[in-house]
Structures are given as structure tokens and as C-alpha cells.
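Here is a short briefing to read with the model open beside you. Please keep in mind that the model is predicted.

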Amino acid sequence: MSENTFLDSAKDLSQAKILVVDDQSINTEFLCGILEDDYLVIVANSGRDAIRLCNEMVPDLVILDVVMPELDGLETCRILKSEANTRDIPIIFVTAVSDQDSENDCWEAGGIDFLNKPVNPLTLHHRVRAQLTIKLQSDLLRDLAYMDGLTHIYNRRYFEDYYSKQLAHADRNSEDLSILLIDIDFFKQYNDKYGHLEGDHCLKSVATALKSVLMRPLDIVVRYGGEEFICVLPATGIDAARTMAQKIQGAIKELNIPHFASDTRRLTISIGIACYRRGQENAEALINRADKLLYQAKSEGRNRFCS
């Protein structure tokens with residue numbers, strides 16, 4: 001990595017999200033007071049709340065108290081490490097117990113580090129920054145492998161890994177999952193008319209527009225191949241997926257890209273929407289169903305979605 005990359009990485013640390021978990025408000029206030037000037041800090045007062053927040057907003061780091069009622073920190077950590085959506089979040093334990101067995105329990109539960117109470121503010125700062133730096137550099141390396149070089153969104157390699165994990169999560173938790181298979185209408189004619197440089201610019205613009213619509217942390221858009229894109233929408237039923245398709249088509253319309261071969265004289269897309277049928281189909285079958293619905297949208301005149 002270049003020096004500039006590392007400088008950019010350091011700047012990005014200020015946007016890191018840290019989840020502080022403790023059932024005692026005096027402890028969360030103390031930890032937040034140390035960290036909130038440098039990071040985005042969120043608070044949870046129980047293990048259950050921590051798990052919910054980790055799934056909703058995927059923090060960059062969790063600072064987790066060990067001793068809590070109902071669901072203690074060790075069990076909370078084990079649950080987070082067992083789920084595909086949360087297993088990669090680094091967890092620093094905070095504990096008042098410093099014997100060897102307690103330390104071993106923290107490591108075995110999946111913690112990346114631990115701090116003893118009372119917490120030394122300077123030590124906390126250094127430990128947090130070190131773990132965030134490691135995570136950020138790991139994320140940068142992952143992005144190099146998983147990002148499409150042209151559009152700078154996820155590539156098919158990332159999709160295959162992420163999609164299988166999200167389907168497994170949907171099965172375990174009896175949740176919905178929808179996918180949107182998207183194709184740019186008459187893209188070959190666009191390339192032929194305007195040239196491949198303009199075609200590349202068009203792909204970048206479409207990718208940016210698609211990404212701008214997906215607001216939830218677990219929703220992703222992928223360049224599936226050529227002029228095809230696919231969106232994975234965890235915990236999303238068919239009605240919400242249709243709403244998302246409408247928003248996406250609106251975002252493409254706002255681009256207002258001229259296209260001589262389109263009936264609207266503007267660039268449009270077609271979308272096939274499929275919601276996972278648990279127990280009735282596998283990962284490949286769901287994609288095949290979305291592909292058939294995309295073909296239907298195209299055969300019915302394009303610039304529309306079918307579900």
C-alpha cells in the first residue's frame with residue numbers, strides 16, 4: 001500500500017463506529033466520555049440489545065462488559081461469532097476479574113483483546129486505535145479482492161460468499177431474503193452508438209445510482225457480469241423488494257442518460273425480483289427464478305420489473 005492509502009486510512013478511523021455494551025450506565029458514560037471525541041459511539045445496555053444493534057448497523061468494534069444479567073458478555077460474544085453477519089466484528093472485553101481462567105474465557109469466547117477495570121483511558125485509546133487500524137487495513141485488502149475494478153462495487157466473487165452466508169442466516173432465523181437481478185436495457189446498442197469509453201462511464205453511473213439507494217448496512221449491490229447487477233436484500237419480503245425496485249428505477253431515471261435505442265430515449269433498466277422460498281429452493285434456484293423474471297420484464301417491453 002502507498003503512503004497516501006495509509007493516510008486515507010487514518011482519516012477513515014474518525015468515522016469508525018464503536019458499540020459500548022454494559023448494563024451499568026455509569027460505565028457506559030465513562031467509556032463514551034473517553035471515546036466519543038474521536039469515534040462514533042453507540043451504547044447498548046444488555047447482550048440482547050448488543051446483538052440486535054450489531055445486526056442492524058454492523059459496528060467496526062465492540063467494547064463488551066463480561067458480567068451482565070440474563071445474557072453475559074461471554075455468551076453474547078459467542079452468539080456474535082456464530083453469525084455470518086457479525087462474526088468478523090472485533091470484540092474487546094472489559095472485566096473486573098483478572099485471574100487466568102477468566103482471561104482464558106475471554107479468548108475462547110472470541111475476544112480480540114481485554115481490559116481490566118478500572119479502565120485506564122490512555123490504554124483504552126491505544127487498544128481501540130490498534131484494533132481499528134488492523135480492521136481497516138484488513139478491510140482494504142479484502143476490498144482489493146472483492147471490488148469490481150471498473151465500478152468500485154462488489155464483484156461476483158464477493159457475491160457468491162456473501163449470498164450463501166445470508167441464505168444460511170435466513171434459514172436459521174426464518175427470515176425473508178430477496179434478490180434483484182438488474183440488466184441495462186439495450187446496452188450493446190449503447191456501446192455501439194456511443195463507444196466503449198462512454199459505455200464504461202454509463203456502467204459506473206448506474207453502479208453509483210444503485211448503491212445510493214441501498215441504505216441498510218447489510219444490503220449490497222454487485223456487478224454480476226457485463227451490464228448485469230444483482231442486489232442482495234436480507235430480511236426483505238417481496239413487497240419491500242418491489243418498493244426497492246421502484247426506488248432503483250427512479251434513481252436510474254434521474255441520471256437522465258441519453259440512449260437512442262430506448263423508447264424513452266433515455267437509459268433504462270429491467271429487473272427480476274425473487275424472494276427466497278425456505279425449504280423449497282436453493283441458492284441457484286433463487287437466482288434462476290430472478291433470471292426468468294428479468295427475461296419476462298424484458299419480453300414485456302423493458303423499463304420495468306417483474307416479481
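An open sheet of 5 strands runs in the order S7-S8-S6-S9-S10, and its pairing is mixed. Its edges are strand S7 (220-225) and strand S10 (305-306), each of which pairs on one side only.

- S7 pairs with strand S8 (residues 228-234) in the antiparallel sense, over 5 bridges.
- To find this pairing on screen, look for Arg223, whose bridge partner in S8 is Phe229.

**How H7 meets H11**

- Two packed helices are described by the angle between their axes and the distance between the axes.
- For H7 and helix H11 (residues 283-299), the angle is about 110° and the axes are 11 Å apart.
- Angles of 65 to 115 degrees count as roughly perpendicular, and H7 and H11 are therefore roughly perpendicular to each other.
- On the H7 side, the contact is made by Phe159, Tyr163 and Leu167, while H11 brings Ala283, Leu286 and Ile287.
- What classes of residue make up this contact of H7 with H11? There are 6 nonpolar residues, with no polar and no charged ones.

**The largest pocket**

- Rolling a probe the size of a water molecule over the atoms shows where empty space is left.
- The largest pocket has a volume of about 1500 Å³.
- It is lined by 49 residues, and those closest to its centre are Val58, Lys135, Asp139, Arg142 and Tyr154.
- Helix H1 (3-12), helix H6 (121-146), H7 and S7 each give at least two residues to the lining of the largest pocket.
- Which element supplies the largest share of that lining? The answer is H6, with 11 residues.
- By class, the lining of the largest pocket holds 24 nonpolar, 9 polar and 16 charged residues.

**The second largest pocket**

- The second largest pocket holds about 230 Å³ of space.
- Of its 16 lining residues, Asn55, His169, Glu175, Leu218 and Ala235 are the closest to the centre.
- Helix H3 (47-57) and H7 are the elements that give two or more residues to the lining of the second largest pocket.
- The lining of the second largest pocket divides into 6 nonpolar, 5 polar and 5 charged residues.

How values were computed:
Residues are numbered from 1 along each chain as its sequence is written. This is a predicted model: local features need pLDDT of at least 70, side-chain atom pairs count only at pLDDT 80 or more; totals for chains, interfaces and linings use all residues. Side-chain values use heavy atoms; hydrogens and water are left out. Two strands pair if DSSP finds at least two bridges between them. Helices (H or I, at least four residues) and strands (E, at least two) are DSSP runs, numbered from the N terminus. On a 1 Å grid over the protein atoms alone, a cavity is a set of points where a 1.4 Å probe fits but cannot get out, and a pocket is an open set with protein on both sides within 12 Å along at least five of seven lines; lining residues have an atom within 4 Å of a point. Grid points are joined across faces, edges and corners, and a volume is the space filled by probe spheres set on the points. Ala, Val, Leu, Ile, Met, Phe, Trp, Tyr, Cys and Pro count as nonpolar, Asp, Glu, Lys and Arg as charged, and the others, Gly among them, as polar. Axes are lines fitted to C-alpha atoms, for helices over the stretch in contact, and angles run from 0 to 180 degrees between N-to-C directions. Angles under 35 degrees count as roughly parallel, over 145 as roughly antiparallel, 65 to 115 as roughly perpendicular and the rest as oblique. Contact means heavy atoms within 4.5 Å.
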